[in-house]
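Subject: Structure for your attention

Dear colleague,

My notes on what was found in it follow directly after.

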2 protein chains.
Amino acid sequence: MYPITFQFEQGDAVLIDATKGDSLLEVARNANVAIDAPCSGNAACGKCKVKLVAGNLDSQKTSHISDEEYAAGWRLACASKVMGAAVIMVPDIASAYKSRMKVADLSSPEEIKIFEDAKADLAAVGLTIKNSLQVVEVTMNPPSLDDTLPDNERFSRALKQTINRKLVKLPYTVIRELPDVLRKSSFQVKCLVRMTNNDCFVYDVWPATQNVRIGGLVIDIGTTTVSAMIIHMLTGEILAKASAGNGQIRYGADVINRIIETTRPGGEKRLQDAVIEETINPMIEQMCKTAGLHQNHIYRMCVAGNTTMNHLFMGINADPIRMEPYIPAFFKTNSLYASDIHININPDAHIILAPNIGSYVGGDITAGTLVSMIWNKPEFSLFIDLGTNGELVFGNADFLMSCACSAGPAFEGGDISCGMRATDGAIEACTIDKETMEPTFEVVGDEGIKPIGLCGSGIIDVIAELYRCGIISPKGKFVRDGERVRRDQYGVGRYVLAFAKEAGSIKDVEINETDIDNFIRAKGAIFSAIRTMLSSLDFDISMIEDVYVAGGIGSGINMENAVAIGMFPDIPLERFHYIGNSSLSGAYAMLISTEAERKTYEIARNMTYMELSAVPSYMDEFVACCFLPHTDATLFPSVQQK
Amino acid sequence: MYPITFQFEQGDAVLIDATKGDSLLEVARNANVAIDAPCSGNAACGKCKVKLVAGNLDSQKTSHISDEEYAAGWRLACASKVMGAAVIMVPDIASAYKSRMKVADLSSPEEIKIFEDAKADLAAVGLTIKNSLQVVEVTMNPPSLDDTLPDNERFSRALKQTINRKLVKLPYTVIRELPDVLRKSSFQVKCLVRMTNNDCFVYDVWPATQNVRIGGLVIDIGTTTVSAMIIHMLTGEILAKASAGNGQIRYGADVINRIIETTRPGGEKRLQDAVIEETINPMIEQMCKTAGLHQNHIYRMCVAGNTTMNHLFMGINADPIRMEPYIPAFFKTNSLYASDIHININPDAHIILAPNIGSYVGGDITAGTLVSMIWNKPEFSLFIDLGTNGELVFGNADFLMSCACSAGPAFEGGDISCGMRATDGAIEACTIDKETMEPTFEVVGDEGIKPIGLCGSGIIDVIAELYRCGIISPKGKFVRDGERVRRDQYGVGRYVLAFAKEAGSIKDVEINETDIDNFIRAKGAIFSAIRTMLSSLDFDISMIEDVYVAGGIGSGINMENAVAIGMFPDIPLERFHYIGNSSLSGAYAMLISTEAERKTYEIARNMTYMELSAVPSYMDEFVACCFLPHTDATLFPSVQQK
């Protein structure tokens, strides 16, 4: 056994014993050291780059490590085997997906504006903040020798009178509390009820004088990122907001690899635990601390996620999704409760799922479509959700058509060597000086924060700028040289945005030709999907009135740049609207508004799904799109003009 | 620390370290050695008698130990303190309540006759074996690219067609199973549903070819004894039967002491665990093994118990029950599920409670009244349940009146030095030769089994016979002497039924004046209650057409003897009917028959409760009854005649 030390940039370290021949990535996992490996450790993505500081490793040489880097000690953890004692430095970027749960600062108005906007848009069409939860005050006569009704009947009788209902349901948990609460409060209580057409379910009962806030929980389960908010159910106020990497990422960057993992022994449980126990429950705990709310006082939860995420979240076999005829276990269900899957909120809390409509268009899209409002307009609009993969919805008040394209995780920083989520240290916007090739960028986080990687919006900007400055060719190859453009021994170029000394990391923040190639294929998948879907309807790009772009890829997208690289259609810029994480805001609307919930089900019922792979021209279209901006430059007249 | 060894009659032993001054009863509890102490260790009941085999104890001398016994090493565990190393022999009788879970032999026809009778009686008045559980076969078309309905909708659609219902509820647990079961079975399944007027809830789904038995569980939670059965829900067949001591007994023999224990920190949980984790769940496990049934395949449960037992079972504060105005948390509830209180059966199984009607007349009595059938007759009948305490119901098809009397646990062997439950080794019937004073008795268990104690029916016989033979006076004092009648240094007599050498124990099986006194007070409580209740209605004993006696006090009661000691009214013997454990058979009826369940609720609604302590004459009546058979001998003409 040899001692292996993992050091972090923040200065702390972890020590573990390993055996000769052990994979360094596995050793790190055993030591609970988070190192991203979206390719599942196949030396394919190059994200698990760590630095050998002392000792030796038996490391396979890969194209992800240049000679220069190799000499400096850089190795891929997945391609390295233990040979003896070693000290390994783990740069922040190597664990950027996993380690950072971020609880948002709600004093920042931009953080909540997007939700206020969504709420206002929905309210404008009559979908008001009104849900089935209500706090009701109930006053009873105390019992006496002449009035010996037991506690549950006494309370039910008074509640029925108060709310004028015939049927009241008290679960075991409430009956258990009644003797104490009634006597402590001298029979003056308040209770939280869920009122439906048929009955009234009582969640909890407290002395009338007790101050209680009724919480709700919204979760957007992305393949890469999980975002969440705690909501005041009676006012709609956002009490806390957080995001974190989806803990499942170590089992694969995409849904297919994760489904395959579930088919291994204990796999379903492993994937469910990764998202619930490792990701969601800690977020709930943190947010409740921030909001000063008891976790048990969260009584309703809404989840939006893609179809596979929904299955894995519920611990349900998702394997049939990936095999013909691609049948999920469910599109929707109204019989899921927090206790069923051990979400640490009130055990009786109802979990609402934004409905899936197919194996590859899930609740994140139906929830997003709700807040895009495209279902409410006579004009034709396009809704684009850039998550891990991309999904499109096109239509208007009369019809909605959706499709999914295999864009991969590049928009969220996956498949990109210095890619990361839009969290502290991520470059989210960038310009490059054409002359000097020097970059200027904005970094997510407090003022003065140093960059450690690039999030989706930053990558779009960098590629657009590199192209505009003539640093890369339309095929994404480096064609200029300079201090910031470097090449490895094979001549493969890369552009350094921040040298280690300027960066908040021991590692240069850079983008290389492989990254650019990955990103071009991702944006090509989006644009070819738009073209294919419109063609199938005999529509033309010019008929798109508005484009709503969603996704947690940064605080916004520079739409001009997105058009410049051929990702979005070349229509007037004012028609593009960035609507943030619409999956989260859609779930938020469903949580607080019963009418919004119904509307989402209606949208799901009316949305048709188009399988792109069944369209013969799609592949040709895709290949034509893998170019900056496109092989057919006439499709991008404004770019051509510049 | 000194080593204390507890030896058992079966030869095994337990060793534990104890500190000087520790109570031996506490040391035994810490070592998980079951020693009965129904008086909670106050040296009051004398049941925790153990034998010091080696070493020393600092033992308080009590009236429960004669000089002779003391010399032989007998000590009360509760009145003994550790002084040094010691070896303690624990006789079987000292742990008779706790240690013996008995799983019944269903090949014995008497074991099931009583339930067959109850079923037949109920069927005769139209309460048939028909409950809401049904097994339904469902056949679906497998999905294809043209028919991509998700699994849950496909299954629901087919089920709705099969059962002709509009609403079908699939819980999470079923959705989770669907993908595997549908594909394993080629979409030919069967499922267990609960059909109500409004909807259809699906519990489970299996391949159509799989053999599944649908189980139900019946539990009678007595203060002293817990009895249970597993039932085939579709046929009513009894698959297994068991009984065990209620694990709560170490916290007090009666409900009041147990309620007091719940008010101590962690008390509610402790009492609930004692009955569920220590008593009921092990019984379920054993019975399921016997029946060859999966615990998860028990889908419905019915519980009958007194009001306090129901509260402690549910972990609900019972303290208001014992204090004016004596208000329980509930009489009935239909919202209790197995998972709420961790009963190890199907977590979605509905738990039905036989309804309580007051703080001291509970579900055991309403369930018992159901099977007594007194509610169906024009004649007036009396139903007597002899459990820990006694409860009476008097009435006919037009009215029902009930009362409870503080008879204590003597009928179940509590408060009697050699008392035990009616399980292996219990003397359940006895005659005594008037000349020789030699006893002849029947012992529960296999042929040749030796006695270790006396159960309720045995005690009745022994006292009746001692009185008939002139061995004891009408006041219960020993007035003859002989080999079997012994007296301690204070002159207090006892009758030895079996000397240790004849007995299955190291301890004589005997009955002493304290026991007889306790029992006379118990039987006096019953008879005075009968008299008081009838008087309040201006009824006379002669107007009782039939008496139905219930209680697990033995395989039967010698009614002639029960009348002879003045426990039951002196009416023709053919009017007495022993109906066994009617709480259990009532719960059985409620479990398998929805109509019987409804009828029990109706009985509970119509039953009035009479508080004996509020009747001024009751106390005088009771004192007059504490005599063999009664101070007013004219009330027992047949006894007088003999």
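**Helix packing in chain A**

Helix α10 (residues 363–372) and helix α15 (residues 594–606) of chain A have axes that come within 9 Å and cross at roughly 115 degrees. Here helices (H or I, at least four residues) and strands (E, at least two) are DSSP runs, numbered from the N terminus. Axes are lines fitted to C-alpha atoms, for helices over the stretch in contact, and angles run from 0 to 180 degrees between N-to-C directions.

Please note that this is a predicted model, in which local features need pLDDT of at least 70 and side-chain atom pairs count only at pLDDT 80 or more, while totals for chains, interfaces and linings use all residues. Residues are numbered from 1 along each chain as its sequence is written, and chains are lettered from A and ligands numbered from 1 in the order in which they are written.

α10(A) and α15(A) are therefore roughly perpendicular to each other; angles under 35 degrees count as roughly parallel, over 145 as roughly antiparallel, 65 to 115 as roughly perpendicular and the rest as oblique. On the α10(A) side, the contact is made by Thr366(A), Ala367(A), Thr369(A) and Leu370(A). From α15(A) come Ala596(A), Lys599(A), Thr600(A), Ile603(A) and Ala604(A). Two residues are in contact if their C-beta atoms, placed from the backbone, lie within 7 Å.

A second pair is formed by helix α12 (residues 513–536) and helix α16 (residues 618–625) of chain A, whose axes come within 8 Å and cross at roughly 135 degrees. That makes α12(A) oblique to α16(A), and their crossing is right-handed. Among the residues that meet are Phe527(A) and Arg531(A) in α12(A), and Tyr618(A) and Phe622(A) in α16(A).

**The two chains**

Chain A can be laid on chain B with an RMSD of 0.1 Å by a turn of 180 degrees and a shift of 0.1 Å along the axis. The two copies are thus related as by a two-fold rotation axis. For this, copies are superposed by least squares on the C-alpha atoms of residues with pLDDT of at least 70 in both. In chain A, the C-alpha of Ser339(A) is nearest the axis, 5.0 Å from it. The same surface serves both copies, as 100% of the contact residues of chain A recur in chain B.

Between the chains, 34 residues of chain A are in contact with 34 residues of chain B. The most come from α6(A), with six residues.

**Loops of chain A**

A cis peptide bond joins Glu324(A) and Pro325(A), with omega about 0 degrees. Pro325(A) lies in the loop between α9 (307–313) and β14 (350–353) of chain A. His342(A) is also found in the loop between α9 and β14, and its phi is near 60 degrees, a positive value in a residue other than glycine. Another cis peptide bond joins Leu628(A) and Pro629(A), with omega about -15 degrees. Pro629(A) lies in the loop between α16 and α17 (637–641) of chain A.

Yours sincerely

Technical notes
A crossing is left-handed if the near helix is turned anticlockwise from the far one by less than a right angle, and right-handed if clockwise.
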